[in-house]
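Hello,

I am passing this structure on to you, with notes on what turned up in it. Please look it over before reading on.

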Amino acid sequence: LSSHSFGSFSMCVVMVQACMVTFLTQFQLQHMGNIPVLFESVDYNWYIEMAFLTFYTVEVLLKIFCYKLFFLVGRNASWNIFDLCLVGLTTFDLAYSQPWSVVFK
């Protein structure tokens, strides 16, 4: 978790997410009120967000498992707490923004 390659991989995931958010926002603005047929039945944005949330959740859980108490008091404690809050808030947001009857069809 503290290796250079894992940090680089995590940074790449963040960059890909930023690009996806930019693309999806631009797409939604361009097609406001006129969504192409392909995108009418499935909310791809929700599934993409779930994929990124899964990665970040696994990352936080690995850090908690590896660092144990130092997750909250170590040298990167402020970043770890920030990541934990982001994962928690995003989980809450995605859980309450999508009707579960649509998810479990």
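Aromatic residues

Y56 counts as buried, because its relative accessibility of 17% falls under the 20% cut-off. Please keep in mind that the model is predicted. The ring of Y56 pairs with that of F55: the centres are 5.5 Å apart and the planes stand at 70°, so the pair is edge-to-face. F9 joins these two, as ring pairs link F9, F55 and Y56 into a cluster. In total, the structure holds five aromatic pairs.

Another of the pairs is F92 with Y96, which is tilted, at 4.7 Å centre to centre and 50° between the planes. These two residues lie four apart in helix α5, so about one helical turn separates them. Are F92 and Y96 buried or exposed? F92 has a relative accessibility of 54% and counts as exposed, and Y96 counts as exposed at 65%.

Helix α3

α3 covers residues 44–67. With 24 residues at 1.5 Å a residue, α3 should span 34 Å, and its end C-alpha atoms are 35 Å apart, which agrees. Y56 is one of the buried residues of α3; the others are W46, E49, F52, L53, F55, E59, V60 and K63. After α3 comes K68, whose phi is positive, near 50°.

Largest pocket

The largest pocket has a volume of about 740 Å³. Its lining is made up of 28 residues, and E59, K63, W79, N80 and D83 are the closest to the centre.

Which helices supply at least two residues each of the lining? They are α1 (4–30), α3 (44–67) and α5 (77–97). α3 gives the most, with nine residues. By type, the lining divides into 14 nonpolar, nine polar and five charged residues.

Cysteines

How many disulfides does a search of the whole structure find? The search finds zero. C66 is partly exposed, with a relative accessible area of 47%. C85 also counts as partly exposed, at 44% relative accessibility. Both values lie between the 20% and 50% cut-offs, which is why neither residue is called buried or exposed.

Regards

Notes. Residues are numbered from 1 along each chain as its sequence is written. This is a predicted model: local features need pLDDT of at least 70, side-chain atom pairs count only at pLDDT 80 or more; totals for chains, interfaces and linings use all residues. Side-chain values use heavy atoms; hydrogens and water are left out. On a 1 Å grid over the protein atoms alone, a cavity is a set of points where a 1.4 Å probe fits but cannot get out, and a pocket is an open set with protein on both sides within 12 Å along at least five of seven lines; lining residues have an atom within 4 Å of a point. Grid points are joined across faces, edges and corners, and a volume is the space filled by probe spheres set on the points. Ala, Val, Leu, Ile, Met, Phe, Trp, Tyr, Cys and Pro count as nonpolar, Asp, Glu, Lys and Arg as charged, and the others, Gly among them, as polar. The expected span of a helix is 1.5 Å times one less than its number of residues. Buried means under 20% relative accessible area, exposed over 50%, partly exposed in between (1.4 Å probe, protein chains only). A disulfide is a pair of cysteine sulfur atoms within 2.5 Å. Rings of Phe, Tyr and Trp (its six-membered ring) pair if their centres lie within 6.5 Å; planes under 30 degrees apart count as stacked, over 60 as edge-to-face and the rest as tilted.
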